[in-house]
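Keep the structure open beside you as you read.

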Amino acid sequence: MVRVPGGIFAMGSLEFFPEEQPVRETSVEPFWIDAHPVTNAAFHRFVRETGYSTVAERDPDPADFPDAEPAELVPGALVFRPTAGPVPLDHWWQWWSYVPGANWRHPGGPGTTLDGRTRHPVTQIAYPDALAYAAWAGKSLPSEAQWEFAARGGLAAATYPWGDEFAPRGRRMANTWLGRFPWEFLPGRGQSARPGTTAVGSYPPNGYGVFDIAGNVWEWTRDHYRPDHHDRPAACCAPQPVSVERWDRRVIKGGSYLCAPDYCLRYRPAARQGQSEDTATCHLGFRCVTAD
């Protein structure tokens, strides 16, 4: 973990998406934050010691899916599939699918594994899973303010955790989508020919020594997503939950490897989305904090 000094900062942004407004003066006490997202290796230790089963590994509750056929109520999670070519960008189900058997051990569904990915962020993590790990580790999930303060790295109002330029001197600073979403992907450092996570620490840290705070995977915070803060549907790479609204929504931060500059410019400290607590996807993970 790395220590974050705390202080007063301007939280939010007026320059991008409505849910980031208004900019407000916010203070946080000093705290410690994981230097990088929780990895597959760390989550495996937790599961091995506790026998924990994630939300994506459990049978869905029929009450959450009243219109589903019984045969459809099988464990699984949301998986991204690139489209064959250009498509209208107003329907996320063109590139997201509920895949039976997808979970943290098989993030892309049956046939995918964690081989060679022990240092990658764990994904397919729903909010209760992140809470359970944090409690086991003697930590907690960050508040949205803690997360955003840490992400800024001491830069008062910069667009990105590293400054205002996306690629300073041509250097790629985070695992984000380059190319035409959701079909043309241009891999960067440590990436395969297909979009996906990269090992933590593949890109430089910010000013506080925090890695992967932008891109790679979205990260859960403990804050409820306030409906009066933004009442539009979730967009781009954070799909709407497919269940009825029996679960609360929490703020997720940081963007992911699926965020493209012309579609989902959310790999910024101020960016935020709301996500249903029961949702697990192949680009959603977490990190933890402790008090100073």
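In helix H1, the buried residues are Asn 40, Ala 42, Phe 43, Phe 46 and Val 47. Around the axis they span an arc of only 165°, so they sit on the same side of H1. Arg 48 and Glu 49 are exposed on the other side of this helix. Here, buried means under 20% relative accessible area and exposed means over 50%, with partly exposed in between (1.4 Å probe, protein chains only). The arc is that of the directions from the helix axis to the C-beta atoms. Helices (H or I, at least four residues) and strands (E, at least two) are DSSP runs, numbered from the N terminus.

A word on the ground rules: this is a predicted model, in which local features need pLDDT of at least 70 and side-chain atom pairs count only at pLDDT 80 or more, while totals for chains, interfaces and linings use all residues. Residues are numbered from 1 along each chain as its sequence is written, and side-chain values use heavy atoms, with hydrogens and water left out.

How confident is the predictor? The chain has a mean pLDDT of 91, and 91% of its residues reach 70 or more; pLDDT is the predictor's confidence in each residue, from 0 to 100. Residues 227–235 have pLDDT below 50, and beyond near neighbours in sequence this stretch has 17 contacts in the model. A contact means heavy atoms within 4.5 Å.

**Helices and cores**

Back at H1, the cover over its buried residues includes H2. After H1 comes Gly 51, with a positive phi near 75°.

H2 has its own buried set: Tyr 127, Asp 129, Ala 130, Tyr 133 and Ala 134. Viewed down the axis of H2, these buried residues fall within an arc of 160°, so they line one face of the helix. They pack against helix H1 (40–50), E7 and strand E8 (249–253). Just after H2, Gly 138 has a positive phi of about 75°.

Which residues touch the most other members of the largest nonpolar core? They are Phe 43, Trp 220 and Phe 286, in a core of 41 residues. H1, strand E5 (76–80), H2 and E7 are the elements that give two or more residues to this core. Another core, of 17 residues, lies apart from it, and Val 4, Met 11, Val 28 and Val 289 are among its residues. A nonpolar core is a set of buried Ala, Val, Leu, Ile, Met, Phe, Trp, Tyr and Cys residues joined through side-chain atoms within 4.5 Å.

**Strands**

Four of the five residues of E8 are buried, so this strand is largely enclosed by the rest of the structure. E7 and E8 run antiparallel and are joined by three bridges, with Glu 219 opposite Lys 253 in E8. E8 also pairs with strand E9 (residues 273–276), antiparallel, over four bridges, and Arg 250 stands opposite Gln 275 in E9. Two strands pair if DSSP finds at least two bridges between them.

Elsewhere, three strands make an open sheet in the order E1-E4-E11, with antiparallel pairing. Strand E1 (2–4) and strand E11 (289–291) are the edge strands, each pairing on one side only. On average, neighbouring strands of this sheet are turned by 30° against each other, direction ignored. H3 packs on the sheet and touches E1, E4 and E11, its direction making about 75° with that of E4. Axes are lines fitted to C-alpha atoms, for helices over the stretch in contact, and angles run from 0 to 180 degrees between N-to-C directions. Strand E4 (residues 31–33) pairs with E11 over three bridges, and Trp 32 stands opposite Thr 290 in E11.

Most residues other than glycine have a negative phi, and most peptide bonds are trans.

Gln 124 is not a glycine, yet its phi is positive, about 60°. This residue lies in the loop between strand E6 (96–100) and helix H2 (127–137), and Gln 124 is buried, with a relative accessible area of 0%. Asn 216, also not a glycine, has a positive phi of about 65°. Asn 216 is in the loop between H3 and E7 and is buried at 0% relative accessibility.
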